[in-house]
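Please look over the model shown below with its helices and charged side chains in mind.

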Amino acid sequence: MMRNKFEEDLRTLQELIIELAEKTKKAVIKSMDAFRTENIEKALEVIDEDHRINKLEEEINELIVVIITRQQPVAVDLRRNLTAIKISHDLERVADYAVNIAKSTIRIRDRQENLPLENIEKMHELGIDMLSRAVDAYRTEDLYAAKEIGEIDDQVDDLYGATVQFLMNSIADSPDHVTNLMQMAFICRYLERIADYATNIAENIYYLVKGKHYFLNQ
């Protein structure tokens, strides 16, 4: 009977993690849509809605405490709970970066032409793909899918380096647009960090399945 309750709690925990991941992914998409369309109202919505994600992470952590206290799990069951704590934290940090993108969007004024928007869009596209793969890999405990996430992160790093270099070089040519260029560089940094956190999730899936720590982006 106790084991049945334990397994039910674990299923609930997984469902909450997946719900958190979906809300987080939507926040990133919405923040980038606000940036793309220069929509201040939409950016403000991302900021206002962040408390829901924070509350969900708190709910997950509270459930994990209850599971560990009540069941005192060992081996793979304990790893499952420890992994859930780490993944929920990573997802909450991703949501924070979505808020940061929204804030940078609000600070940008009269965006000039000839900027590397295509690179920024590609970083966003890859980051969303990584988050989606991470959720699927967590749901199915698929190590092959987790490994692919680390490989995609290399592409994001390359785009980040090239794009920020372009923006920094543009400051000398467009001193009147320093604020905008810096905010766009910040957005690139936030997208790069989102990809890093997706990679962290993939690494945690390796830990869940194998019981060892692997670093996928080195």
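## Basis of the model

This is a predicted model, in which local features need pLDDT of at least 70 and side-chain atom pairs count only at pLDDT 80 or more, while totals for chains, interfaces and linings use all residues. Residues are numbered from 1 along each chain as its sequence is written, and side-chain values use heavy atoms, with hydrogens and water left out.

## Packing of H2 and H3

Helices here are DSSP runs (H or I, at least four residues), numbered from the N terminus. Helix H2 (residues 40–71) packs with helix H3 (residues 75–107) at an angle of about 170°, their axes lying 9 Å apart; axes are lines fitted to C-alpha atoms over the stretch in contact, and angles run from 0 to 180 degrees between N-to-C directions. H2 is therefore roughly antiparallel to H3, a term that applies to angles over 145 degrees.

By class, the contact of H2 with H3 has 17 nonpolar, six polar and five charged residues, where Asp, Glu, Lys and Arg count as charged, Ala, Val, Leu, Ile, Met, Phe, Trp, Tyr, Cys and Pro as nonpolar, and the others, Gly among them, as polar.

## Glu92

Glu92 has its place in helix H3. Leaving aside neighbours within four places in sequence, Glu92 is in contact (heavy atoms within 4.5 Å) with Asn54 and Glu57.

## Salt bridges

The structure holds 16 salt bridges. One of them joins the side chains of Asp33 and Arg36 (3.1 Å, N to O), which both lie in helix H1 (residues 2–37), three residues apart, or about one turn of the helix.

In helix H6 (residues 178–210), Arg189 and Glu192 are three residues apart, about one helical turn, and form a salt bridge with the closest N and O atoms 2.5 Å apart. Arg189 is partly exposed at 36% relative accessibility, whereas Glu192 is buried at 7%. Elsewhere, salt bridges that share partners join Asp33, Arg36, Lys42 and Glu121 into one network.

Methods:
Helix = DSSP H or I, 4+ residues; strand = E, 2+ residues; numbered from the N terminus. Parallel < 35°, antiparallel > 145°, perpendicular 65-115°, else oblique. Salt bridge = Lys/Arg side-chain N within 4 Å of Asp/Glu carboxyl O. Buried < 20%, exposed > 50% of the residue type's maximum accessible area, 1.4 Å probe, protein only.
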